[in-house]
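Let's take a walk through this model together.

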Amino acid sequence: QVQLVESGGGLVQPGGSLRLSCAASGIIFSLYTMGWYRQAPGKQRELVATILREGTANYADSVKGRFTASRDNAKNTVYLQMNSLKPEDTAVYYCRSTYRLYSAEYDYWGQGTQVTVSS
């Protein structure tokens with residue numbers, strides 16, 4: 001059974017930092033591309049960052065220079081370090097794992113963790 005479990009969310013003041021974690025089980029983690037997404041109330045889910053198997057990360061323009069994604073394949077865990085947080089970063093943050101082999105696609109989501117940026 002595949003599980004992605006996010007943690008680390010919470011309430012933080014503007015300008016503050018949080019570190020999210022996503023622990024994966026039931027998959028060969030090192031094969032998967034990992035992604036962080038977020039969904040604010042009344043808005044569509046949007047991509048925040050992706051990190052490839054070897055660790056190359058890409059970011060949405062809105063978080064470049066503030067967020068850093070990383071992964072530890074030995075711990076089956078992906079992280080999102082969020083600095084200089086803004087109220088507009090408030091959302092539920094989701095972890096996603098994807099893997100494609102020929103015509104087969106494997107796509108899993110976590111349950112999400114709430115991040116609230118407010119004074």
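**Around strand 9**

Start with a pair of residues: Met34 stands opposite Ser97 in strand 9. Strand here means a DSSP run of E with at least two residues, while helices are runs of H or I with at least four residues, and both are numbered from the N terminus. Before going further, please note that this is a predicted model, in which local features need pLDDT of at least 70 and side-chain atom pairs count only at pLDDT 80 or more, while totals for chains, interfaces and linings use all residues. Residues are numbered from 1 along each chain as its sequence is written, and side-chain values use heavy atoms, with hydrogens and water left out.

Strand 9 has several partners, where two strands pair if DSSP finds at least two bridges between them. With strand 4 (residues 33–39), strand 9 pairs in the antiparallel sense over 7 bridges. Strand 10 (residues 104–109) also runs antiparallel to strand 9, joined by 6 bridges, and here Thr98 faces Asp107. The hairpin of these two strands has 2 residues between them, and Tyr102 takes a positive phi near 55 degrees in it. Strand 11 (residues 113–117) is antiparallel to strand 9 too, with 3 bridges; Val92 has Gln114 as its bridge partner there.

Cys95 forms a disulfide with Cys22, their sulfur atoms 2.1 Å apart; the rule asks for a pair of cysteine sulfur atoms within 2.5 Å, and the count comes to 1 disulfide. Cys22 lies in strand 3 (residues 18–25) and Cys95 in strand 9, so the bond ties together parts 73 residues apart in sequence. The torsion about the S-S bond is about -75 degrees, which means the disulfide is left-handed. Cys22 is buried, at 0% relative accessible area, and Cys95 is buried with 0% as well (buried means under 20% relative accessible area, exposed over 50%, partly exposed in between, with a 1.4 Å probe and protein chains only).

Arg96, also in strand 9 (residues 91–101), is partly exposed because its relative accessible area is 21%. Leaving aside neighbours within four places in sequence, Arg96 is in contact with residues including Leu4, Thr33, Tyr37 and Trp109, contact being heavy atoms within 4.5 Å. The side chains of Arg96 and Tyr37 are joined by a polar contact of 2.9 Å.  This term stands for a pair of N or O atoms within 3.5 Å; within protein, one must be able to donate a hydrogen and the other to accept it, and residues adjacent in sequence count only if both atoms are side-chain atoms.

What about charged pairs? A search of the whole structure finds 6 salt bridges, each a side-chain nitrogen of Lys or Arg within 4 Å of a carboxyl oxygen of Asp or Glu. Asp89, in the loop between strand 8 (77–82) and strand 9, meets Arg38 in one of them (2.9 Å, N to O). Arg38 lies in strand 4, so this pair ties together parts 51 residues apart in sequence. Asp89 also forms a salt bridge with Arg66, the closest N and O atoms being 2.7 Å apart. Both Asp89 and Arg66 are buried, and so is Arg38.

Arg100 and Glu105 form another salt bridge, with closest N and O atoms 3.2 Å apart. Arg100 counts as exposed at 58% relative accessibility, and Glu105 counts as exposed at 56%. Elsewhere, salt bridges that share partners join Arg38, Glu46, Arg66 and Asp89 into one network.
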